Amino acid sequence: MTDAYDNDNIFAKILRGEIPCHKIYEDEHTFAFMDIMPRGDGHCLVIPKMPARNLLDADIETLGVVQATVKKIGTAVMKAFSADGLTVQQFNEPAGGQVVFHLHVHVIPRFDGVKLRPHTGDMEKPEILAENAEKISAALK
Ligand code: AMP
C-alpha cells in the first residue's frame, strides 16, 4: 500500500501555475516541461494533469495518455537535439528512486559516448532551460 496523493507536491503546484516552469507542451490530459536538474541536455518531464502519485495508483487511461505524450515529446526531443538515442525513465516510491510524488516520466535525449549526469544533481541555468524548451516546442510544430 502506498501513501495517498499529496495535492501540495511540487508538480501539482506547477500544474496549478503556483510555481513557474519551462513549459514545452500541454493538451487536455498531459503537460511537459524541462527538468531543472537535467541528467543530459534536453532532459524533460511528462506528467498527467490528473492526480496520480506514480505508476502504482494511476489508472490505465492516465498511463495511456502519458505514454502518448512521451512518444510525442520523445520524437520532438530527438529532432530538436539531433540525438542518437532516447532514455525514458520513471521511478516509483522512495525505494524505487522517486523524489516527487506526482506521476512523471523522464525523457532524455542521448548522444553516443555521453554518460547521464547524476539524478537530481546540479541545477541548470534558467536561460539554458528556456532555450531548450523553445527548441523542443519548435520541433513539435
Ligand atoms: P524523481 O521523482 O526521482 O523522478 O525525480 C524528480 C525529478 O524532478 C528530478 O529529475 C528533479 O530534477 C525534477 N524536479 C524537481 N523539482 C522540479 C521543478 N520545480 N521543476 C522541474 N523539475 C523538477
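The space taken by the ligand is the largest pocket of this predicted model, where a pocket is, on a 1 Å grid over the protein atoms alone, an open set of points with protein on both sides within 12 Å along at least five of seven lines. A molecule is said to sit in a pocket if more than half of its atoms lie within 2 Å of the grid points. Because the model is predicted, local features need pLDDT of at least 70 and side-chain atom pairs count only at pLDDT 80 or more, while totals for chains, interfaces and linings use all residues. Residues are numbered from 1 along each chain as its sequence is written, and side-chain values use heavy atoms, with hydrogens and water left out.

**The shell around the ligand**

Of the 18 residues around the ligand, those that come nearest are Asp35, Gly97, Val99, His104 and His106; a residue is near a molecule if one of its heavy atoms lies within 4 Å of it. By class, this shell has 11 nonpolar, 6 polar and 1 charged residues, where Ala, Val, Leu, Ile, Met, Phe, Trp, Tyr, Cys and Pro count as nonpolar, Asp, Glu, Lys and Arg as charged, and the others, Gly among them, as polar.

| Residue | Part of the residue | Ligand atom | Distance |
|---|---|---|---|
| Asp35 | side chain | oxygen | 2.5 Å |
| Gly97 | backbone | oxygen | 2.6 Å |
| Ile36 | backbone | nitrogen | 3.3 Å |

On its own the ligand has 510 Å² of accessible area, and the protein covers 94% of it, with areas taken from the Shrake-Rupley method with a 1.4 Å probe. The elements that give two or more residues to the shell are α1 (10-15) and β2 (30-34), and α1 gives the most, with 3 residues. Helices (H or I, at least four residues) and strands (E, at least two) are DSSP runs, numbered from the N terminus.

**Buried residues**

His106, one of the residues that come nearest to the ligand, is found in strand β5, and its side chain makes a polar contact of 2.8 Å with the side chain of His43. His106 is buried, because its relative accessible area is 2% and buried means under 20%, exposed over 50% and partly exposed in between (1.4 Å probe, protein chains only).

Leu103 is found in the loop between β4 (85-89) and β5 (105-110), and at 2% relative accessibility Leu103 therefore counts as buried. The C-alpha atoms of Leu103 and Gly17 are separated by 17 Å, with the two residues 86 residues apart along the chain.

Ser137, found in helix α3 (residues 126-140), has 14% relative accessibility and so counts as buried. A polar atom of the Ser137 side chain lies 3.2 Å from the backbone oxygen of Ile24.

**Two residues with positive phi**

Most residues other than glycine have a negative phi. Ser82, in the loop between α2 (60-81) and β4, has a positive phi near 45°, and at 59% relative accessibility Ser82 counts as exposed. Thr120, in the loop between β5 and α3, also has a positive phi near 45°, and its relative accessibility of 42% means that Thr120 counts as partly exposed.

How values were computed: Polar contact = N/O pair within 3.5 Å; in protein donor to acceptor, adjacent residues only side chain to side chain. 1 Å grid on protein atoms, 1.4 Å probe; cavity = no way out; pocket = protein on both sides within 12 Å on 5 of 7 lines; lining within 4 Å.
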